[in-house]
Amino acid sequence: MKKLLLAAATVFLATTIWAKPAATISGTYLEVRSCDVYTGPCFSNAEMGSNGKEAILTWSIQKGMWNNIDLAGLNVIAVVRTKDTLGDIKYAQPRGKAVLIVDARANGVQRVALVEFARARAGKLIGEVLCTRTEKITATIGDCTKAGTCASVKAGKLVNISPRRFCVGDHVCGNEYLYYPPLTKIRHATAAFAQLFAYQGGDLGIKWASVGQRGAYVGTFGHK
């Protein structure tokens, strides 16, 4: 019995000495897609195969580290284009081509960590990174629970996003629901109305500036 207790105490002590506390990273998230995510089957069926092949994902990191690199206060954006409509990720996730935009305030090591973080969070969605750009990024992302503009993301002249909370006039057919879930794992996901959804870079072979679409999500993320 004494030998068993001694062995258990030894294992516990070794675990206590060598185990490192898990690093955490958290912040706010904004996603916009070129199709309605809050919609009814009639709208989604009409868009399937033609719209919803483009998306912009923004992570605004409030605190934490990635691969032992402090990323607090920095932002990273993934602009993604796929061949198919980005649908329900529970069943299939098209692999897309992406342009990653990292915060100009980040140093060289932090930029590498931001790219690795974005690829890890997006998973299979980012199948190929065409290039990485460095831009001044401003990101203010609210929870979209109050009327009016609830977020704003800008990255130089490349990205401009401005969503607002839904209002009565956004319920068109009366049977809308969250038809498509967010493209990444987030908490407190809230759909929003994209007043402006623009990408003006040339690396994806397409530019766009869309207005008035029920295709945005805001939320928070955390990683341990």
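N107 caps the N-terminal end of helix α3, with a side-chain oxygen 3.2 Å from the backbone nitrogen of V109. The model is predicted.

**Helix α3**
- Helix α3 covers residues 108-122, and its 15 residues should span 21 Å at 1.5 Å a residue; the end C-alpha atoms lie 22 Å apart, which agrees.
- Buried residues in α3 are Q110, A113, L114, V115, F117, A118, R121 and A122.
- Just after α3 comes G123, which has a positive phi of about 60°.

**Aromatic pairs**
- The model contains 8 aromatic pairs.
- In one of them, W66 and F117, the ring centres are 5.3 Å apart and the planes stand at 75°; an angle over 60 degrees counts as edge-to-face, so this pair is edge-to-face.
- This pair joins distant parts of the chain, since W66 belongs to strand β3 (residues 54-66) and F117 to helix α3, 51 residues apart.
- W66 and F117 are both buried.
- Y199 and W208 make a tilted aromatic pair, with 5.3 Å between centres and 45° between planes.
- Y199 has 0% relative accessibility and therefore counts as buried.
- W208 has 10% relative accessibility, so W208 counts as buried too.

**Aromatic cluster**
- One aromatic cluster is formed by Y29, W59, W66, F117 and F221.
- Among its members, F117 lies in helix α3 and W66 in strand β3.

**Charge over a ring**
- R164 places its charged end over the ring of F193, at 4.0 Å from the ring centre.

How values were computed: Residues are numbered from 1 along each chain as its sequence is written. This is a predicted model: local features need pLDDT of at least 70, side-chain atom pairs count only at pLDDT 80 or more; totals for chains, interfaces and linings use all residues. Side-chain values use heavy atoms; hydrogens and water are left out. Helices (H or I, at least four residues) and strands (E, at least two) are DSSP runs, numbered from the N terminus. The expected span of a helix is 1.5 Å times one less than its number of residues. Buried means under 20% relative accessible area, exposed over 50%, partly exposed in between (1.4 Å probe, protein chains only). A polar contact is a pair of N or O atoms within 3.5 Å; within protein, one must be able to donate a hydrogen and the other to accept it, and residues adjacent in sequence count only if both atoms are side-chain atoms. Rings of Phe, Tyr and Trp (its six-membered ring) pair if their centres lie within 6.5 Å; planes under 30 degrees apart count as stacked, over 60 as edge-to-face and the rest as tilted. A charge sits over a ring if NZ of Lys or CZ of Arg is within 6 Å of the ring centre and within 35 degrees of the ring normal.
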